[in-house]
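This report describes the fold and packing of a single protein chain. The sequence and the structure come first, and the description follows.

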Amino acid sequence: TPSNSSAASDVYKRQIMNTFKLSNIKLEKYRKFLSQQDCYYVGTESSHENWYREGLRRRITFQTTIDPIPELVIRTNNRTLGLSRKEFIKLFLEVK
């Protein structure tokens, strides 16, 4: 029945949310994520890529020499974007 598949889908989504690791974020997919969040590339300084979006207090920054991006960097950038871990995962999983 449709309700059973919906319930199974909800359980699956919760499992992904609980097991998703912020330490496995690849540079290429993170760039796509930032673009989908209306952020734009500002430039690169000393191998640090800078992105910005209107209304942010500071730039989104990450090193281009480290792939995947360290979890601390993702958490810091999420704080700048005003995203919780759960919100980030939901949006990040939608990136094509």
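In this predicted model, the axes of helix α2 (residues 27-36) and helix α4 (residues 85-93) come within 10 Å and cross at roughly 100°. An angle from 65 to 115 degrees counts as roughly perpendicular, and α2 and α4 are therefore roughly perpendicular to each other. On the α2 side the contact involves K29, Y30 and F33, and on the α4 side F88, L91 and F92. By residue class, this contact of α2 with α4 has five nonpolar residues, one charged residue and no polar ones.

**Aromatic pairs**

In total the structure holds seven aromatic pairs. One of them joins Y30 and F62: the ring centres are 5.4 Å apart and the planes stand at 80°, so the pair is edge-to-face. The two residues come from distant parts of the chain, with Y30 in helix α2 and F62 in strand β3 (residues 60-63), 32 residues apart. Both Y30 and F62 are buried.

Another edge-to-face pair is formed by Y40 and Y52, with 6.0 Å from centre to centre and 75° between the planes. Y40 belongs to strand β1 and Y52 to strand β2, so this pair ties together parts that are 12 residues apart in sequence. Y40 is partly exposed, with a relative accessible area of 39%. Y52 is also partly exposed, at a relative accessible area of 22%; the cut-off for a buried residue is under 20%.

**The sheet**

The strands form an open sheet of three, in the order β1-β2-β3, with antiparallel pairing. β1 and β3 are the edge strands and have a single partner strand each, so one side of each is left without a neighbour in the sheet. Direction ignored, neighbouring strands of this sheet are turned by 25° against each other on average. Helix α2 packs on the sheet and touches β2 and β3; the direction of α2 makes about 170° with that of β3.

In general, strands of a sheet pair through backbone hydrogen bonds, in either the parallel or the antiparallel sense. Here, strand β1 (residues 40-45) and strand β2 (residues 48-52) pair in the antiparallel sense over five bridges. Y41 has W51 in β2 as its bridge partner. For G43, the bridge partner in β2 is N50. The hairpin of β1 and β2 has two residues between the strands, and S46 takes a positive phi near 50° there.

**Loop residues**

D38 is another residue other than glycine with a positive phi, near 65°; D38 lies in the loop between α2 and β1. Q37 is found in the loop between α2 and β1 as well.

| Residue | Relative accessible area | Class |
|---|---|---|
| Q37 | 16% | buried |
| D38 | 61% | exposed |
| S46 | 67% | exposed |

Leaving aside residues up to four places away in sequence, Q37 touches R53 and L91. L91 is one of the α4 residues that meet α2.

The loop between β3 and α3 (71-81) holds P68. A cis peptide bond joins D67 and P68, with omega at about 10°.

**The chain as a whole**

The chain has four helices and three strands. Along the sequence these follow the pattern α-α-β-β-β-α-α. Of the 96 residues in the chain, 29% are buried. Counting contacts between residues at least 6 apart in sequence, 52% join residues at least 24 apart. The Y30 and F62 pair, whose members are 32 residues apart, links α2 to β3.

Terms used:
Residues are numbered from 1 along each chain as its sequence is written. This is a predicted model: local features need pLDDT of at least 70, side-chain atom pairs count only at pLDDT 80 or more; totals for chains, interfaces and linings use all residues. Side-chain values use heavy atoms; hydrogens and water are left out. Two strands pair if DSSP finds at least two bridges between them. Rings of Phe, Tyr and Trp (its six-membered ring) pair if their centres lie within 6.5 Å; planes under 30 degrees apart count as stacked, over 60 as edge-to-face and the rest as tilted. Buried means under 20% relative accessible area, exposed over 50%, partly exposed in between (1.4 Å probe, protein chains only). Axes are lines fitted to C-alpha atoms, for helices over the stretch in contact, and angles run from 0 to 180 degrees between N-to-C directions. Angles under 35 degrees count as roughly parallel, over 145 as roughly antiparallel, 65 to 115 as roughly perpendicular and the rest as oblique. Contact means heavy atoms within 4.5 Å. Ala, Val, Leu, Ile, Met, Phe, Trp, Tyr, Cys and Pro count as nonpolar, Asp, Glu, Lys and Arg as charged, and the others, Gly among them, as polar.
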